Amino acid sequence: MRIAITTLGCKINQYDSAVIQDRLGKEHHSFVPFDERADFYIINTCTVTDRADWEARQLVRRAKRLSPEARVLLTGCYAQVNPGEVARLPGVDFVVGLNRMDDLLRFVKQSEEGTCGKGISVGDVRKERRVAVLGAKELPQHTRAFLKIQEGCSYSCTYCIIPTARGFSRSVLPGEVLAQLRSLAEGGFVEVVLTGIHLGGYGQDLKPKMDLTSLLEMIVGSGFIPRVRLSSLDPREAPDRLLRLMAQSKVLCPHLHVCAQAGEDRILRQMRRNYDTAYYRDVIARAREMLPDAALGSDIIVAFPGESDGDFSRSMEFFDSLPLTYFHVFPYSVRTGTVAATLPDQLASAAKKERARMMRELGAKKKREFYRRFIGRRLPVLVEQAVDRGSGARKGYTRNYLPVLVHCGETYINQEVNVAVEGLEGDWLEGKIVEDEGEKTKRIANFKF
């Protein structure tokens with residue numbers, strides 16, 4: 001069948017979609033963009049806000065307009081949290097919750113054979129004790145691979161529905177992580193991003209318990225992958241031991257995304273976060289001291305219920321004072337079923353948009369200042385498959401997550417090469433490759449993509 005897959009939400013959902021496509025590809029189905037006619041549409045949903053649910057419903061309507069006879073399957077967090085509501089949506093044939101890959105494949109096969117009308121398969125994720133979805137090689141448009149090593153979350157932040165959607169924190173056994181990394185290395189990957197819903201909670205459910213730093217020590221010692229990058233952490237999950245390991249290792253990329261969420265203590269308490277601004281400041285200061293060239297990022301929610309003008313001003317001042325290099329800014333959006341949705345003093349849409357604009361401008365200023373520090377330097381860049389439409393240059397990333405445009409041929413794809421950074425154009429640094437004949441010969445010999 002011709003199958004179209006689209007994904008809403010986070011990198012974990014993108015990872016899960018890549019696994020779904022990989023498994024369906026082995027059944028000899030073909031894939032088309034979601035805006036084309038297909039026999040079967042799969043929508044991997046998010047439910048982090050009420051708007052995310054609305055977006056999923058819009059995608060169902062779009063699929064049925066494109067191909068009225070096609071079958072439509074919804075999976076992901078919206079399907080998991082509200083399966084009955086999703087099943088009642090006009091145009092939806094199948095509802096598959098999280099960690100139900102075999103059922104998803106069964107519904108697709110039965111549709112192909114014409115033996116299945118409609119179906120629902122949703123389990124209780126709070127009873128799950130393992131990470132069910134593994135094996136994706138790469139996400140679309142990326143050369144680096146993503147490996148999910150953790151699933152779920154045991155925190156209870158007032159704005160978040162994720163523990164309900166994905167269950168409690170659970171971890172992939174370290175031996176399986178190493179086996180997956182070996183497989184990715186054999187597939188030719190130079191960089192792997194370790195990801196999870198609550199990555200810093202890795203290992204706390206294992207017997208005996210372990211922590212993320214212990215796993216990273218094993219990964220570094222294995223020597224399988226030259227570049228290993230972490231996705232986001234909470235402030236209490238970046239101890240000195242982890243920072244020292246990152247500083248000493250050539251494998252771990254100097255890049256930390258430490259989620260603050262707010263820069264004012266009263267709001268942090270309202271969010272039910274387990275730290276205050278003083279603790280966060282200390283974490284970021286220690287990270288900058290040990291990793292002077294590291295990219296340091298944060299998630300920030302603005303216009304949380306009850307956030308006054310004074311609260312927001314203090315939050316702006318707080319983030320301005322930190323050595324962060326980029327922000328991911330989210331205006332607070334209601335998620336029905338969370339504590340935050342019931343709080344008084346919900347802010348108007350205009351205030352949310354204005355505060356998000358101001359915080360994003362501050363983040364953009366910090367990012368430009370950080371990028372300019374590296375003009376004139378020579379940096380190792382991993383060249384990706386993607387090409388910049390405007391310049392025709394290939395895109396790549398340094399170990400400290402600087403985006404660099406490089407004019408080069410396809411033999412450079414998935415190769416880490418030295419680049420002399422010459423300037424900054426928009427959000428991208430630009431540079432020229434600097435290599436001797438020995439490096440050039442080795443690169444061409446290693447070209448696999």
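Reader: Is Arg227 buried or exposed?
Author: In this predicted model, Arg227 has 0% relative accessibility, so Arg227 counts as buried. The cut-off for buried is under 20% relative accessible area.

Reader: Which salt bridges does Arg227 form?
Author: Arg227 forms a salt bridge with Glu191, with the closest N and O atoms 2.7 Å apart. Glu191 sits in strand β9 and Arg227 in strand β10, 36 residues apart. Glu191 is buried as well. Arg227 also forms a salt bridge with Glu416, and there the closest N and O atoms are 2.7 Å apart.

Reader: Where is Glu416?
Author: Glu416 lies in strand β17 (residues 416-425), while Arg227 is in β10, so the pair ties together parts that are 189 residues apart in sequence. Glu416 counts as partly exposed because its relative accessibility is 31%.

Reader: Why can such side chains pair?
Author: Side chains of opposite charge can pair when their charged atoms come close.

Reader: Which residues are linked in a network of salt bridges?
Author: The network links Arg144, Glu191, Arg227, Arg229, Glu384, Arg399 and Glu416.

Reader: How many salt bridges does the structure hold?
Author: It holds 37 salt bridges. One of them joins Asp309 and Arg355, with the closest N and O atoms 2.7 Å apart. Asp309 is in helix α12 (residues 309-321) and Arg355 in helix α13 (residues 349-372), 46 residues apart.

Reader: Is Asp309 buried or exposed? And Arg355?
Author: Asp309 is exposed, with a relative accessible area of 59%. Arg355 is buried, at 8%.

Reader: New topic, helix α8. Which of its residues are buried?
Author: Helix α8 covers residues 212-222, and its buried residues are Leu212, Thr213, Leu215, Leu216 and Ile219. Looking down the axis of α8, these buried residues fall within an arc of 155 degrees, so they line one face of the helix.

Reader: What do they pack against?
Author: The buried residues of α8 pack against β7 (145-151), α7 (174-186), β9 (191-196), β10 (227-230) and α9 (240-248). Strands β9 and β10 are the ones that hold Glu191 and Arg227.

Reader: What comes just after α8?
Author: Gly223 does, and Gly223 takes a positive phi of about 70 degrees.

Reader: And where is His198?
Author: His198 is in the loop between β9 and α8. With 9% relative accessibility, His198 counts as buried.

Reader: What does its side chain make a polar contact with?
Author: The side chain of His198 makes a polar contact with the side chain of Glu237, at 2.4 Å. Leaving aside neighbours within four places in sequence, His198 is in contact with residues including Gln150, Cys153, Tyr155 and Asp234.

Methods
Residues are numbered from 1 along each chain as its sequence is written. This is a predicted model: local features need pLDDT of at least 70, side-chain atom pairs count only at pLDDT 80 or more; totals for chains, interfaces and linings use all residues. Side-chain values use heavy atoms; hydrogens and water are left out. Buried means under 20% relative accessible area, exposed over 50%, partly exposed in between (1.4 Å probe, protein chains only). Helices (H or I, at least four residues) and strands (E, at least two) are DSSP runs, numbered from the N terminus. The arc is that of the directions from the helix axis to the C-beta atoms. Contact means heavy atoms within 4.5 Å. A polar contact is a pair of N or O atoms within 3.5 Å; within protein, one must be able to donate a hydrogen and the other to accept it, and residues adjacent in sequence count only if both atoms are side-chain atoms. A salt bridge is a side-chain nitrogen of Lys or Arg within 4 Å of a carboxyl oxygen of Asp or Glu.
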